[in-house]
Protein chains: 4
Amino acid sequence: MNTLGHIFTLTTFGESHGPAIGGVIDGCPSNLKIDFQLIEEELNRRKTAQSATASQRHETDQVEWLSGLLDGVTLGTPIAFIVRNEDCKSKDYELLKDVYRPSHADYAYDQKYGIRDWRGGGRASARTTLPLVVAGAIAKQILQGKGISVSSEVFSMGDAEQARMAGDSVGGVVKGTIKGVPAGLGEPMFGKYSAELAHAMFCLPAVKGFEIGDGFALAEMKGSEANDLFVNKNGRICTATNHSGGIQGGISNGEDITFKVAFKPIPSIAQTQQTVNRAGEKCEIAVGGRHDVCALPRALVLVEAMAALVTVDLIQL
Amino acid sequence: MNTLGHIFTLTTFGESHGPAIGGVIDGCPSNLKIDFQLIEEELNRRKTAQSATASQRHETDQVEWLSGLLDGVTLGTPIAFIVRNEDCKSKDYELLKDVYRPSHADYAYDQKYGIRDWRGGGRASARTTLPLVVAGAIAKQILQGKGISVSSEVFSMGDAEQARMAGDSVGGVVKGTIKGVPAGLGEPMFGKYSAELAHAMFCLPAVKGFEIGDGFALAEMKGSEANDLFVNKNGRICTATNHSGGIQGGISNGEDITFKVAFKPIPSIAQTQQTVNRAGEKCEIAVGGRHDVCALPRALVLVEAMAALVTVDLIQL
Amino acid sequence: MNTLGHIFTLTTFGESHGPAIGGVIDGCPSNLKIDFQLIEEELNRRKTAQSATASQRHETDQVEWLSGLLDGVTLGTPIAFIVRNEDCKSKDYELLKDVYRPSHADYAYDQKYGIRDWRGGGRASARTTLPLVVAGAIAKQILQGKGISVSSEVFSMGDAEQARMAGDSVGGVVKGTIKGVPAGLGEPMFGKYSAELAHAMFCLPAVKGFEIGDGFALAEMKGSEANDLFVNKNGRICTATNHSGGIQGGISNGEDITFKVAFKPIPSIAQTQQTVNRAGEKCEIAVGGRHDVCALPRALVLVEAMAALVTVDLIQL
Amino acid sequence: MNTLGHIFTLTTFGESHGPAIGGVIDGCPSNLKIDFQLIEEELNRRKTAQSATASQRHETDQVEWLSGLLDGVTLGTPIAFIVRNEDCKSKDYELLKDVYRPSHADYAYDQKYGIRDWRGGGRASARTTLPLVVAGAIAKQILQGKGISVSSEVFSMGDAEQARMAGDSVGGVVKGTIKGVPAGLGEPMFGKYSAELAHAMFCLPAVKGFEIGDGFALAEMKGSEANDLFVNKNGRICTATNHSGGIQGGISNGEDITFKVAFKPIPSIAQTQQTVNRAGEKCEIAVGGRHDVCALPRALVLVEAMAALVTVDLIQL
């Protein structure tokens, strides 16, 4: 269950303050000259300590390639890579060892596994999204070669500067677009493009909502408003509008794939909150450590990575 | 890609006007005495021609059990079942054979497969959701035995009667609730409870949005508002609020699982619409046949079925 | 676990004396005109009551196609089919209800499931191989289109006529050959062509051994004897010998794929044997019913079907 | 296709002379205190340069644990580990860069991927079995806790010392035994214990044959000889003989699981052999480098590892 995809697959591993995090990509075509520059750029988009919204953890995030490449060219065999965890201040978390942080996964992990890596959030840390970015960059490169591009933007976001000052955090919505997808991508019944995207986005930390095209707004429209009429534009069948977000019956129709992803506010806040500890005793918590005020705009590259991974996988099916 | 689930799996098959539709359930525990009454009741909730919103297709929907049972008790082997398609008026569709109905899957299927069963929507028809209801009822029965219940309600819906008169259709939002789920269900990284639910719901026809707990509304909150504080209620650790919808870090935390599913309006409307045919020529269409005005409230049982299937599968992992 | 394959998959269901047995093929390419004649011929090769070695159960084995086809052409959607069980003499088995037949799966099933369909062997019956033949015939047809053929022959077999008279049974070895496979088929590390074939063959009832090329005999050779030297035959690289059976490092090398499958004797024999019943009490058994004396030559078509299914699946990966 | 198993899974990666080889274990139960001593012992059984039959490559084979553990205890999250490749003498292979070694995977890889890591056999090297041993040792530890043990022995082997002197190599047969397996393990139809074992063993390099119980010899017996009669031994139902190797109908029956695995001779031999190069030109080859004369006895620990991995996986299903 730590593997994403069917043919082009990504298996990830790692805890926030463990020795390393990483991933194994299987099913990548051979003879692809990896664009390491692109990977680095994507990692920089994700990296912390860049802006007013991001945490103060400093990591070099140097990717070490372990397999699957010969002189930077893919062999068709599994591509394994790791990134060392260097700037671990586990001591920051020692006080939290037995305390359940509100709206974090601490309690759920304890209940599930009976053990939990309490240092920096362990496996539930946002740091574990790093391998997604690496694999996503490779997926983007493959898509580029097919004329497909993935982009995203902040659609809405709370007031981050004000929240930081108040020891609080904010959420936001990311809008994603996939351009150049040919009609016919997606597999009914249970491999629908929309379903695969929804699944992938909900694998990202803090995601609580996902919609395709006009999404929830469609539920308030009439059919006559919502329907995308087919037209012939210079010999190409397309739709006059794109309320459907490029997907009908779970299959791409050749229009832009558009979607939105809702991120809840970062649950770690500096304000004092009531909670309980492992023994069920009441206690207070004011989360120190180094945390983002908002998952956005760092989440942009994550959303794009997931969209790219899903799309590459469906293309190979 | 016509199989849902990992351990408790459902494979479905069938086209709207083909000989039969059906499914194969694999991984069902042995020695379960099937509650055929419950299955029939669930099928009745789905059946057409019951209300102002539903289409006029009349099917007896008699389930024929082919395997996996001995005197109504599960053997642990695959449970196959079919339902014959009887009331097929394929002639209704003959005019549509070469016409792309707006916001339907016709065009996408043609692009994907180069062939399409144009009779009644073929594999993309809502009739193909019937096997989900049968399997969902069995899943519900298993969950019942574990003290878990799944329910749903219409959260919002357009004015169906007005739309019918106007030859139009409406969409709506279904709210679902799963009660009694123990803490610890769901598999990080890519088998999160939320991700599995999102995937399953987007496999239903006409679904365009999904959210867990407060969903998109969370994106507009501050962390201090959105966080669910842990409290000790009579020796049991739980949360004072449930903005998270019972899932944190992708894992259930013991609270009710709550979610919403957005359905677009039924794309088949009686009003005349512009479209193109297979040759790309402009034409007009006014969809006859027998169609719902709204996917709700028939979708309630589908949403519950998917929630039950996902939950049973995660419990067995 | 009742699904075979990765992309071109077959899910089977059914018990020997249940209402029907059948299968669902997913991942079959669209626009294939099914050769029903070939399927019937293959089923006839499998059918009982043909020869001195086979049982006396008479089934018409009429395939009923339920989905995935339009006018006999594949739609790309799941192809479901069933065959009714007609000539069930369950009474023959009533005496065996609580008795564990030697070297049958009765006891193992009881231990696994706590329940067992005792009528005709239930899910463990050789009748459950019928769907393999149907799917295998479709796989063969796809392979034919690519210049690949699958054949088999009886390599060795005990004296069936003598055994029948003695109320006994015999085993045998089937030799299989796949011709026309291009070099490069098979997926290291765990999707090796040889491993997939071995897996598939051991899914057949009564199979106890499998070898590729010279197999066990290779274990007694020296490298200088066993190695297949590469030569250039009219511009085509091939090997001078084929001890490897066309597979090196788990990947096809362009030579004929050759393999052998060992079948144990049919465990149902007319001779009186000692055994125990469900209560662990000593008892005697002389298996009546209608049974083969040897799994061969009926197994030929099964071996070919499995080889074809594996090969089609690997080609689509 | 570089992932083995269904629930307890192992994903491996790495080329012989790449930076590292390694694996990711997913689905391992939490709260297991890893027995690192056992892992080291198992790795020593596999390590080269120990005996007359083994190659002269010297590796420390130090396992580096990257994730999934806290103070040596499993977290329930993926356990990733790597071993660096240190003693790489890639120059030994430079002459072989364009030459197809007889009965090696060189040609097949080139045909499949259009590129090949020629250094030390790349992904097809026996070195890539190292992660199997690590994961197998963990599987063994889990089985130990359930009273299940896996062992193996050399059943037959050519004269290694004589072969070394002659610049030749030999093959052999390994016999494996799994004791303590409860009745009821294995999943019909396509997850039979025998089929899973066969698949796993054929994933090992140089394996060309596999049989369960008496295997190919059963094909020459009569039913009356081959059948394992059930008896009641002190209140426990068991079989008087074990020709079946503990598996009937694909499911364990409580007896010892016994099987044999045939290994072909190591194809790398010092004798001069005819072959062709990439251009199809005739050439000669006398394989230098550091190679085993026989895959046995190093293969013992590999066979046991695969048997343990398959068994742990089936137990968790």
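**Meeting the interface and the salt bridges**

In this predicted model, strand 10 (residues 207–212) of chain A and strand 10 (residues 207–212) of chain B run antiparallel and are joined by three bridges.

Q: Which residue is the bridge partner of A:G209 in strand 10 of chain B?
A: Strand 10 of chain A is joined to strand 10 of chain B, and the two run antiparallel. Within that pairing, A:G209 has as its bridge partner B:E211.

Q: How much area do chain A and chain B bury between them?
A: The size of an interface is often given as the accessible area lost when the parts come together. Here the contact takes 93 residues from chain A and 93 residues from chain B. Of the area buried, 64% is on carbon and sulfur atoms. The value is about 7,500 Å².

Q: How many salt bridges are there between chain A and chain B?
A: One of them pairs B:K112 with A:E187, whose closest N and O atoms are 2.9 Å apart. The count between the two chains is two.

Q: On the side of chain A that touches chain B, how many residues are charged?
A: Across this interface, 41 residue pairs are in polar contact. By class, the chain A side has 45 nonpolar and 34 polar residues, and the number of charged ones is 14.

Q: Is B:R278 buried, partly exposed or exposed?
A: B:R278 forms a salt bridge with B:D110, with the closest N and O atoms 2.9 Å apart. The pair links distant parts of the chain, 168 residues apart: B:R278 is in the loop between strand 16 (273–276) and strand 17 (282–285), and B:D110 is in helix 3 (residues 106–113). B:D110 is buried at 7% relative accessible area. B:R278 has 42% relative accessibility, so B:R278 counts as partly exposed.

Q: How far apart in sequence are the parts that B:E304 and B:K140 tie together?
A: These two residues form a salt bridge, the closest N and O atoms being 2.4 Å apart. B:E304 is buried at 4% relative accessibility, and B:K140 is buried at 10%. Because B:E304 lies in helix 8 (residues 299–316) and B:K140 in helix 4 (residues 130–144), the pair ties together parts that are apart in sequence by 164 residues.

Q: Is C:R119 buried or exposed?
A: C:R119 forms a salt bridge with C:D117, the closest N and O atoms being 2.8 Å apart. C:D117 has a relative accessible area of 4% and is buried. For C:R119 the relative accessible area is 18%, and under 20% means buried.

How values were computed. Residues numbered from 1 in each chain as written. Chains lettered and ligands numbered in written order. Predicted model: local features only at pLDDT ≥ 70, side-chain atom pairs only at ≥ 80, totals over all residues. Heavy atoms only, no water. Contact = heavy atoms within 4.5 Å. Buried area = accessible area lost by both parts, 1.4 Å probe. Salt bridge = Lys/Arg side-chain N within 4 Å of Asp/Glu carboxyl O. Polar contact = N/O pair within 3.5 Å; in protein donor to acceptor, adjacent residues only side chain to side chain. Nonpolar A, V, L, I, M, F, W, Y, C, P; charged D, E, K, R; others polar. Pairing = 2+ DSSP bridges. Helix = DSSP H or I, 4+ residues; strand = E, 2+ residues; numbered from the N terminus. Buried < 20%, exposed > 50% of the residue type's maximum accessible area, 1.4 Å probe, protein only.
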